[in-house]
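Keep the picture in view and look for each part as we come to it.

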Amino acid sequence: MTKAILGIIGGSGVYDLPGIEDVRETRIDSPWGEPSDVLRMGRIGETEVAFLPRHGRGHRLSPSDINYRANIDVMKRAGVTDLISVSACGSFRQEYHPGFFVLVDQYVDRTHKRENSFFGKGCVAHVPMAHPVGPLLQKRIASAAEAEGIPFAVGGTLVCIEGPQFSTYAESITYKELGYDVIGMTAMPEAKLAREAEITYATIAMVTDYDCWHPEHDDVDVASVVAVAHQNATKVARLVARIARDFPAEHEPCPVRSDRALEGAIMTASSARDPELLKKLDAVAGRVLHPA
Ligand SMILES: CSC[C@H]1O[C@H](OP(=O)(O)O)[C@H](O)[C@@H]1O
Ligand SMILES: Nc1ncnc2[nH]cnc12
C-alpha cells in the first residue's frame with residue numbers, strides 16, 4: 001500500500017492555499033537545483049497535502065525560468081502520489097468563458113527552451129505519454145467541482161507555448177482551427193516530468209481570457225488575466241479543499257499506469273549507467289533503480 005499524498009502546484013494568482021491545517025514550510029533540497037519556493041506541507045481533513053506556487057511567491061519566475069525538474073523532484077521527495085496542477089489559461093471556445101474550469105486530458109508541447117526530462121546521457125528512458133492525465137484523479141476533481149457548483153468541462157487539449165509573450169493573432173486562430181481548447185505557458189514540461197517521476201497528474205485549467213482570436217473580446221493582457229485569476233483563486237481553494245476531504249487514504253492504482261510509468265522504460269544497460277546521474281535520480285526513479 002502507498003499512502004496518498006496530494007500535491008498542488010498553484011499558477012498565476014494562486015500563490016497560497018488557504019485551508020491547509022498544521023502548515024509547515026518545508027525546504028527540501030533537490031539535486032536538480034532550486035525549486036520555485038518552499039513547500040507548504042500540512043493536511044486538509046485527513047489528507048496530507050503539499051503546496052508549491054509555480055512562479056514563487058511574488059511571481060518571481062517566468063514560465064521559461066521555472067525549474068520544473070526541481071519542482072517535481074521535491075514533490076516526489078515529499079511523498080506526493082497525486083499532483084493537481086492549477087493554471088490560468090486562454091480559451092479557444094466561446095462557451096469556455098473567463099471563470100470556467102477545463103479539466104484537460106491532452107497537451108501539445110510548443111515549448112523549446114526548457115529541460116524536459118530527468119533522464120539523458122548515462123541513463124536513457126522513454127515513458128509513455130499517450131494519456132498524460134490520471135483519469136481517477138480527474139474524476140475526483142470533476143466530482144468536487146460539481147459539488148461546489150463550479151462550471152467546468154471534462155476533457156480538452158491545452159497547447160503550451162514558450163512565452164513569455166502572448167500569441168500573435170495568426171497563432172491564435174491557427175490553434176483554434178487545430179481544435180485546441182485552451183492555451184497556457186506552464187503545463188509542459190511539468191506533465192512530462194510528473195510522468196517520469198511516476199506521479200499521477202491532472203490539470204485544472206482556469207480560463208482567464210479569450211487569447212486574441214475573439215472579435216467581441218479584448219486581446220489578452222496581464223491585467224485581464226490577473227483580475228480573473230484572483231477571483232478564481234478562492235474557487236480553487238474551495239475545490240481543492242473538497243477534493244482533499246474526500247481523498248482516499250491509499251493511492252488508487254492509476255488505470256493509465258502513471259504510477260508505474262518507469263517499468264520497462266529505462267533503456268540503458270546497468271553496466272553503462274552514469275553513477276552521478278543515478279544519484280540525482282534517487283527520488284524520481286528510486287523505485288525501479290533500487291527495488292526493495
Ligand atoms: C499572467 S498571464 C501568463 C501566465 O499565466 C499562466 O501561468 P500559470 O500557468 O502558472 O497559471 C501562463 O502559463 C503564464 O505563465
Ligand atoms: N492567452 C493566454 N496565453 C498563454 N498563457 C495564458 N495564461 C493565461 N492566459 C493565457
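Which residues of S4 lie on one side and which on the other, and are they buried or exposed? Thr47, Val49, Phe51 and Pro53 lie on one side of S4, Glu48, Ala50 and Leu52 lie on the other, and all are buried. Here a residue is buried if 20 or more other C-beta atoms lie within 10 Å of its own, exposed if 12 or fewer, and partly exposed in between, with C-beta atoms placed from the backbone. Strand S4 covers residues 47-53, and seven of its seven residues are buried. The names of such elements come from DSSP runs: helices (H or I, at least four residues) and strands (E, at least two) are numbered from the N terminus.

Before going further, a word on what you are looking at. This is a predicted model, in which local features need pLDDT of at least 70 and side-chain atom pairs count only at pLDDT 80 or more, while totals for chains, interfaces and linings use all residues. Residues are numbered from 1 along each chain as its sequence is written, and chains are lettered from A and ligands numbered from 1 in the order in which they are written.

Now let's see the neighbours of S4. Two strands pair if DSSP finds at least two bridges between them. Strand S1 (residues 5-10) pairs with S4 in the parallel sense over six bridges, and Ile9 has Leu52 as its bridge partner there. Strand S3 (residues 39-44) pairs with S4 in the antiparallel sense over five bridges, with Ile44 standing opposite Thr47. The hairpin of S3 and S4 has two residues between the strands, and Gly45 takes a positive phi near 60° in it.

Why is S5 largely enclosed by the rest of the structure? It is because 10 of the 10 residues of S5 are buried. Asp82, Ile84, Val86, Ala88 and Gly90 point one way from the strand, and Leu83, Ser85, Ser87, Cys89 and Ser91 the other way. S5 also pairs with S11 in the parallel sense over nine bridges, where Cys89 stands opposite Val207. With S10 the pairing is antiparallel, over two bridges, and Gly90 has Ile183 as its partner.

Finally, some backbone details. Most residues other than glycine have a negative phi, and most peptide bonds are trans. Asp211, in the loop between S11 and helix H5 (222-245), has a positive phi of about 50° although it is not a glycine. Asp211 is buried, with 23 other C-beta atoms within 10 Å. His59 has a positive phi of about 55°, and this residue is partly exposed, with 14 other C-beta atoms within 10 Å. A cis peptide bond joins Gly163 and Pro164, with omega about 0°, and another cis bond joins Met188 and Pro189, with omega about 5°.
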